[in-house]
Amino acid sequence: MPPTLTSTMLFTLGIGTTITFASSHWFLAWMGLEINTLAILPLMAQYHHPRAVEATLKYFLTQATAASTLLFATTTNAWLTGQWDILHMTHPLPATLFTLALALKIGLAPLHIWLPEVLQGLDLGTGLIMSTWQKLAPFALLLQIYPANSSLLIFLGLISTLVGGWGGLNQTQLRKVLAYSSIAHLGWMVLVLQFSPALTLLTLLMYFIMTFSTFLAFKLTNATNINALATGWTKAPALTALMPLVLLSLGGLPPLSGFMPKWLILQELSKQELALTATLAALTALLSLYFYLRLSYALALTMFPNTTTGTPPWRFQSSQLTYPLAVSVTTTLLLLPLTPSIMALLIP
């Protein structure tokens, strides 16, 4: 794809998300989501590989179903309440339909089936956009209607943390592992959404930073499965030494930065007298931690078999920019000591 067309698609992607952010009317919010979906489709299919085309088609059909459900929910709400404003989603029927439509859009379990298959068919750059930027617009809408579906949100959150941890256990493809990681992290965000929206935003921000580091690191070393991680020592030794810390931070292992949002979420759930929910969420986090440990082991404690031991394989010098990766990895590893300052800024 020519750079001009790529820039146009990325600009349109940003415009669609911005329209959803700025809208107070359901029709404008729906229009922003549709612009967002249509803008990413050419980026997904740009390499014309059969797997990429299949992933693009699956994504389009899923997002079209979610958009149709969303439009039906908003029309039903206008019929029942006479209001088109986002903040007037008060009737339980359209609120439930709308929550399920947004859950389908972002890939919350049990509406997650499309996400691992779609992410597996994409290159790592487009997969990064799918795992980060595409979550912003639906979350902006969820944050505005969260008081209406307390039990449903807790159910979706618990199921997502369980499916995200359980589904990633037996995966060897890194993009599928990151897809199940996305499902699990979304579950944590949804669990605390109704009690502390600021904490949800903090968790979303931390997830973006850690996922950004992980995708860029895999893209730099050209790794798409677990066996390819073993070649990292010969390609980028310093990065390979730091990546297990980034992966374990994604798993929420203390004292790394990813532990901060999970710790605060468990604390908030305990304050809301949801001890059982907090316990189940903590147990499902152990499942996620296992496959992050598996990736860390393959990355740091195994060597790819070479005919000459210790000789780096011949390769071209990488032309990829490493400054964004350096900044994101440093941020990922150093955010935990700043927890009191972040809480003071985001959580009143």
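The buried residues of helix α6 (buried meaning under 20% relative accessible area, with a 1.4 Å probe and protein chains only) are covered by elements that include α2 (26-44), α3 (50-81), α5 (114-120), α9 and α10 (197-221). Helices here are DSSP runs of H or I with at least four residues, numbered from the N terminus, and contact means heavy atoms within 4.5 Å. This is a predicted model, in which local features need pLDDT of at least 70 and side-chain atom pairs count only at pLDDT 80 or more, while totals for chains, interfaces and linings use all residues. Residues are numbered from 1 along each chain as its sequence is written, and side-chain values use heavy atoms, with hydrogens and water left out.

Helix α6 is mostly covered, since six of its eight residues are buried, namely Leu124, Thr126, Gly127, Leu128, Met130 and Ser131. Thr126, which sits in α6 (residues 124-131), counts as buried because its relative accessibility is 3%. When neighbours within four places in sequence are left aside, Thr126 is in contact with Leu43, Met44 and Gln46.

In the contact, residues of α9 including Leu174, Ser181 and Trp188 meet residues of α14 including Thr277, Ala285 and Phe291. By class, this contact has 11 nonpolar, four polar and no charged residues, where Ala, Val, Leu, Ile, Met, Phe, Trp, Tyr, Cys and Pro count as nonpolar, Asp, Glu, Lys and Arg as charged, and the others, Gly among them, as polar.

The UniProt record, an unreviewed entry, places the feature "transmembrane region" at several spans, among them residues 190-216 and 274-293. In the model, residues 190-216 are 81% helix and 0% strand, with end C-alpha atoms 26 Å apart, while residues 274-293 are 95% helix and 0% strand, with end C-alpha atoms 29 Å apart.

Technical notes
Helix = DSSP H or I, 4+ residues; strand = E, 2+ residues; numbered from the N terminus. UniProt positions renumbered as here; feature names shortened; annotations may be inferred. Buried < 20%, exposed > 50% of the residue type's maximum accessible area, 1.4 Å probe, protein only.
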